[in-house]
Structures are given as structure tokens and as C-alpha cells.
Amino acid sequence: MDITVAIVKTIILIISCIGYYAFLRSKFNIRQEFLPAVIMSSLGVLLFVFGCINFLVPAANALLIGGIVLFFYTIIKSDKSCIGSTCKKEFTPGIIAFILLGIFLFIRLRNAHIYDCDNYNHWGLIVKNLMYDSAFPDSSDAIIRFQSYPTGSAVIIWYFMRWFNYSDALALFFQDLFMMSCGIGFFAFVKGSNLKRTIPAL
């Protein structure tokens, strides 16, 4: 994939995610540290439900567009005089850690490969199958080695990966990003001097 196209797609994905973030913050006042996990989990649940009725690709397109619409809707509805100060308040230590760790993971995993799949990383096979078929595999597919594996847990990785060419490194990055989004929530309970000890621990 051309680097320029990849950058444009990345920006579009980020705008869509920020749209959901801004909407949930403005309407429900959810703590910043919880939102990455809330957004990714919610997208995964919706994609799984629509995937079960064979509407996986239309749902993915609708969710991407929905986030973009919410992004511009929030900008239009917000108070233009305090957008700068509002954005600054959103960069809590947890969100900053999420961004920095995301950059670190992207660099660290850029040449990573999945050499084997067991019952812990079987999601790699499911993601690859989704990339090529854009539909959930069923129990008759040879790709399903572990029949009890919840295939829906791989769909959020597919959602982000489908806009790019498949690579093991990218799959591992989005998997780790999803897990990290859940861990960042602990920052919501950390106050004052405890913050300095929390960042190295994470």
C-alpha cells in the first residue's frame, strides 16, 4: 500500500475514533481513561452482532462514517471560544500514556510475526480469515482449530486492519492496543504522587 494512502486512512480512522470519544464525553461525561476501552469494546460488540447476520462489512462502513459524522457534529455544537482549553483538559496522564505506549508498540512490533497459533492467539487465524472473506468462519471451516474460541473477539482487530493490507505486525499491534486500552482505565483511580509509580508499572 502506498504510504500516502496509508497515512490518509490512518487519519480518517483517528478522526472517526475521536468522534466517538468526543460524543461520549459531551453526552455522558465518561472519564477519559475509560473511553478507549468503551469505544473499542462497543465497536467489537456491534460488529459481532451484525457479523452474525452477515452484515459485517456494511456495519463496519457505517461505524466508520458514524464516527466521522459525530466528530464534525461535536465541533459544530461545541463552544468555539473554549475548544483549545477543552482539548487540553482531555490530555490526562492516562490518555497521554495511551498515546505514547501506542507509538512505542507500533515501533516495537513493526517487524513482528505470528509463527504459530494456539488457544491463546487463535485470533490471528480468525483475523486473517476475516481479511480475505469479510465474514465470520463457521464450524466447518478448517481454520477453526479450537471450536470453543469466541471468534467475535477478533472482529475489532479486523475493523481497524481492513483499511490496510494484512500483516502479522499490524494484527499484533491492534491486539495489544486493545488490551492496553483496558489497562489505561486504572489511571482513573490514581491520584497525586501515586501517578509516578503507576506509569512504570504499566
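Among contacts in the protein chain between residues at least 6 apart in sequence, what percentage join residues at least 24 apart? The share is 72%, where a contact means heavy atoms within 4.5 Å.

1. Basis of the note. The structure is a predicted model, in which local features need pLDDT of at least 70 and side-chain atom pairs count only at pLDDT 80 or more, whereas totals for chains, interfaces and linings use all residues. Residues are numbered from 1 along each chain as its sequence is written, and side-chain values use heavy atoms, with hydrogens and water left out.

2. Secondary structure. The protein chain contains 9 helices and 0 strands; helices (H or I, at least four residues) and strands (E, at least two) are DSSP runs, numbered from the N terminus. Read from that terminus, the order of elements is α-α-α-α-α-α-α-α-α.

3. Burial and surface. Of the 202 residues in the protein chain, 42% are buried. Here buried means under 20% relative accessible area, exposed means over 50%, and partly exposed lies in between (1.4 Å probe, protein chains only). The chain exposes about 11,800 Å², of which carbon and sulfur atoms supply 68%. Accessible areas come from the Shrake-Rupley method with a 1.4 Å probe, and for residues only the protein chains shown count as cover.

4. Side chains of opposite charge can pair when their charged atoms come close. R25 pairs with E90, and the closest N and O atoms are 3.0 Å apart. This pair connects distant parts of the chain, with R25 in helix 1 (residues 3–28) and E90 in helix 4 (residues 83–90), 65 residues apart. Both R25 and E90 are buried.

5. Salt bridge between R31 and E33. These two side chains meet in a salt bridge at 3.5 Å, N to O. E33 counts as buried because its relative accessibility is 3%. R31, by contrast, has a relative accessible area of 33% and is therefore partly exposed.

6. Nonpolar surface patch. V45, L46, F48, V49, F50, I53 and F55 form a nonpolar patch on the surface, together having about 610 Å² of accessible area. Patches are made of residues with over 30% relative accessible area and no salt bridge; like charges are joined within 9 Å, and nonpolar side chains (Val, Leu, Ile, Met, Phe, Trp, Tyr) within 5 Å. One of the patch members, F48, lies in helix 2 (residues 35–52). F48 is partly exposed, because its relative accessible area is 34%.

7. Backbone angles to inspect. Most residues other than glycine have a negative phi. N29, although not a glycine, has a positive phi of about 55°. N29 sits in the loop between helix 1 and helix 2 and is exposed, at a relative accessible area of 57%. S134, also a residue other than glycine, has a positive phi near 55°. S134 belongs to the loop between helix 6 (123–133) and helix 7 (155–161), and its relative accessible area of 31% makes S134 partly exposed.

8. Where is R108 placed? R108 is in helix 5 (residues 93–108), and counts as exposed at 57% relative accessibility. R108 and A169 are 61 residues apart in sequence, while their C-alpha atoms are 9.3 Å apart in space.

Notes
Salt bridge = Lys/Arg side-chain N within 4 Å of Asp/Glu carboxyl O.
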